[in-house]
Amino acid sequence: MKLFKTATLSLAALAMTASVSMADTLDDTKKKGYLSCGLNTGLAGFAAPDTSGVWKGIDVDFCRAVASAVLGDASKVKYAHLNAKERFTALQSGEIDLLARNTTWTATRDTSLGLNFVGVNYYDGQGFLVSKNLGVKSAKELDGAAFCIQAGTTTELNLTDYFKANNMSYTPITYDTPSQVIEGFKAGRCDVVTSDASQLYALRTKLKDPDSAFVLPEIISKEPLGPVVRQGDDKWFNIAKWTHIAMLNAEELGITSENVDEMLKSNNPNIQRLLGTSSNIGEQMGLDAKWAYNVIKQVGNYGEVFERNVGKGSPLKIDRGLNKLWKDGGLQYGAPIR
Amino acid sequence: MKKIKKEPQKDVAFYNNPEKRAIIYQILALIGIFLFTYFILNNMFINIEKRGINTGFDFLSSEAGFGILQSLIKYDESNTHGKVFIVGLLNTILVSAIGIFFASLIGLLIGIGRLSKNYMVSKLCMVYIETFRNIPILLQILFWYNVVLASLPSPRQSINYFDTVFLNNRGLYIPRPILESGFIAVIIAFILAVIACRYLVKWARKKHDETGEEFPVFWTSLAILIAAPTLVFFVSGTPATLEYSELKGFNFIGGWTLIPELLALAFALSIYTATYIAEAVRAGIEAVPKGQKEAAHALGLKDHIILKKVVLPQALRVIIPPVINQYLNLTKNSSLATAIGYPELVTVFAGTSLNQVGQAIEIILMTMAVYLTISIVISFIMNYINDKIKIKER
């Protein structure tokens with residue numbers, strides 16, 4: 001069945017018509033009236049359905065932000081739920097226009113798959129989740145352990161590197177989806193779950209007793225996660241990139257979804273340019289002058305999105321850490337809008 | 001019926017001549033298909049190049065960089081994607097072979113049981129068939145996998161048989177024989193035993209034809225096959241030792257391991273496919289004319305002899321063609337392993353490798369070619385057998 005799905009996607013790639021290759025994703029999206037956005041199959045904090053079945057998360061919010069910028073309405077998104085193995089083919093073949101699926105930015109992916117990484121909407125790193133009664137205090141004690149991993153991820157490759165560098169051996173048990181991974185851990189198929197630290201916190205909440213497991217202190221890799229678009233459509237690439245940057249700038253300038261209407265009257269030239277009251281940046285991108293206003297009004301600034309989905313306002317309660325703005329000592333840095 | 005060839009009428013234009021017209025249409029259809037394929041492939045290459053997606057089969061020689069749970073040949077993370085392909089292929093063949101063996105065995109027994117005069121046996125077989133063939137195979141795979149995992153203890157509380165065989169939720173651990181150079185004598189003894197058995201069978205058949213006396217060929221052959229290598233094994237000074245699994249750190253190390261993914265998948269595939277084979281067996285047996293059984297009965301043959309020597313040989317002709325299909329289905333269904341993470345071709349190659357190198361078209365084409373080849377080989381072998389056993393018309 002999976003083969004069938006992948007085969008269909010590949011055949012779709014085969015059958016891409018000339019119109020797709022010369023595509024203007026912006027025009028297409030406006031014509032269709034909605035944005036097709038690829039998400040995870042279900043990962044709390046990034047893309048997961050809430051109790052009423054509405055998908056929520058950092059990645060969902062990025063899709064909604066781009067839809068607000070392009071179409072002026074955050075709700076005009078159609079989501080495709082992809083597992084790690086399907087995501088790139090779906091984007092390459094044109095099934096989706098934007099991939100917002102906690103995907104690590106790597107050189108190979110950026111240069112050989114026909115993809116462009118938009119930016120980093122979450123700085124992450126790979127960690128280990130172990131059960132408390134295993135009695136392990138450090139990743140260095142994991143020689144010979146069995147690991148539950150999601151197939152086709154950078155995690156899988158980093159684990160190999162780490163164990164080779166430390167002269168240890170391991171048994172990999174690879175599953176398709178994060179939920180299979182945590183089920184395997186629950187059933188005792190493996191001793192350790194390894195994944196991006198943010199995912200580990202999300203998966204931990206699915207345990208019967210979340211306090212019975214904890215994340216080891218070692219972080220063994222850099223995992224800059226970000227949205228991805230197809231290569232070859234620079235206009236669309238710019239839109240996605242600057243939507244992300246606009247949300248960072250909004251936080252820096254103190255503009256939130258609550259106060260954005262008041263801010264329209266602000267005298268601060270930075271705010272005026274961002275909100276389109278004194279600039280034509282939106283038009284330069286082929287968008288409405290109020291593009292950034294729409295994003296902030298309907299989705300919020302970067303900090304709001306973070307806190308709501310993974311930070312203190314969410315069950316995950318992840319510390320902002322590296323994802324603080326540059327002026328607060330973090331890595332998130334929005335290029336100037338001018 | 002004899003085909004009457006019509007003389008083409010001379011005064012009709014060539015496009016009104018039905019025979020010529022048929023040829024013209026076929027040529028047109030062929031050109032159409034060719035153009036369509038060309039258009040699609042051309043489009044694909046243009047698009048791929050525009051997007052800057054890598055193409056070609058270079059990735060097969062680049063380092064894979066990920067581990068695989070089970071491999072029949074030596075594999076580690078520094079091997080290439082080409083090796084991943086081989087490892088996946090072998091794992092597919094392994095699980096298919098195990099599945100085909102057990103599905104045939106269970107299918108034969110259940111199919112015969114279905115026709116038993118014993119009410120209980122017959123009804124139980126019916127319930128078995130109706131239950132397992134009406135549940136989607138994917139659900140069964142997931143069910144058995146979860147049952148296997150949920151019912152087995154963790155490594156430290158392993159079920160233990162005399163400290164040689166261990167069973168836990170990481171797998172079934174059995175001792176691994178380590179062969180020394182002297183072991184070749186045992187292998188030779190085994191081959192000689194097989195040859196001896198062949199002669200024994202010939203001799204017994206001849207004796208049966210001449211005198212009508214039955215000789216217990218099966219049991220004698222079995223005795224020879226076991227006794228000869230065993231004897232040589234001890235005479236040549238036991239040239240093999242067993243490596244036992246032992247608990248070290250997180251899990252057992254050493255010996256042979258049967259992983260739960262393999263157990264669950266082989267179990268599900270055999271049980272599911274066996275229902276179809278059982279029905280084919282039943283159909284085959286019922287297709288044998290009743291008179292054949294009655295005649296054999298009248299000769300005073302015992303029931304199991306009738307089944308073995310009269311019914312099954314005739315039934316096989318009906319049974320084999322549908323069973324070929326079931327073998328093919330089983331092999332293709334093994335790709336559902338991706339749901340439980342058994343590392344077969346689709347999981348590791350069309351899954352993990354595809355995602356690491358991103359070259360969907362090449363990888364999917366290779367994977368499809370593999371399934372096509374396996375299917376053709378299976379049907380070739382089975383058709384050969386079918387030809388062998390079908391009624392020889394002279």
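Modeller: Two strands count as paired if DSSP finds at least two bridges between them. Keep in mind that this is a predicted model. Here, five strands of chain A make an open sheet with mixed pairing, in the order β10-β9-β11-β8-β12.

Biologist: Why is one side of β10 and of β12 in chain A left without a neighbour in the sheet?

Modeller: Both β10 and β12 (213-215) of chain A stand at the edges and have a single partner strand each, so one side of each has no neighbour in the sheet. From one strand to the next, the twist averages 30 degrees.

Biologist: How many bridges join β8 to β12 in chain A?

Modeller: Three, and β8 (residues 126-131) runs antiparallel to β12(A). Within that pairing, Val130(A) has Phe214(A) as its bridge partner.

Biologist: Which strands does helix α8 of chain A touch?

Modeller: Helix α8 (residues 178-186) packs on the sheet and touches β8, β9, β10, β11 and β12 of chain A, with its direction at about 165 degrees to that of β9(A). Helix α9 (residues 197-204) of chain A packs on the sheet too, touching β8, β9, β11 and β12, and its direction makes about 130 degrees with that of β11(A).

Biologist: And how many salt bridges are there between chain A and chain B?

Modeller: A salt bridge needs a Lys or Arg side-chain nitrogen within 4 Å of an Asp or Glu carboxyl oxygen. Two are counted between the chains; one pairs the side chains of Arg189(A) and Glu261(B), at 2.7 Å from N to O. On chain A's side of the contact, α1(A) gives the largest share, six residues.

Terms used
Residues are numbered from 1 along each chain as its sequence is written. Chains are lettered from A and ligands numbered from 1 in the order in which they are written. This is a predicted model: local features need pLDDT of at least 70, side-chain atom pairs count only at pLDDT 80 or more; totals for chains, interfaces and linings use all residues. Side-chain values use heavy atoms; hydrogens and water are left out. Helices (H or I, at least four residues) and strands (E, at least two) are DSSP runs, numbered from the N terminus. Axes are lines fitted to C-alpha atoms, for helices over the stretch in contact, and angles run from 0 to 180 degrees between N-to-C directions. Contact means heavy atoms within 4.5 Å.
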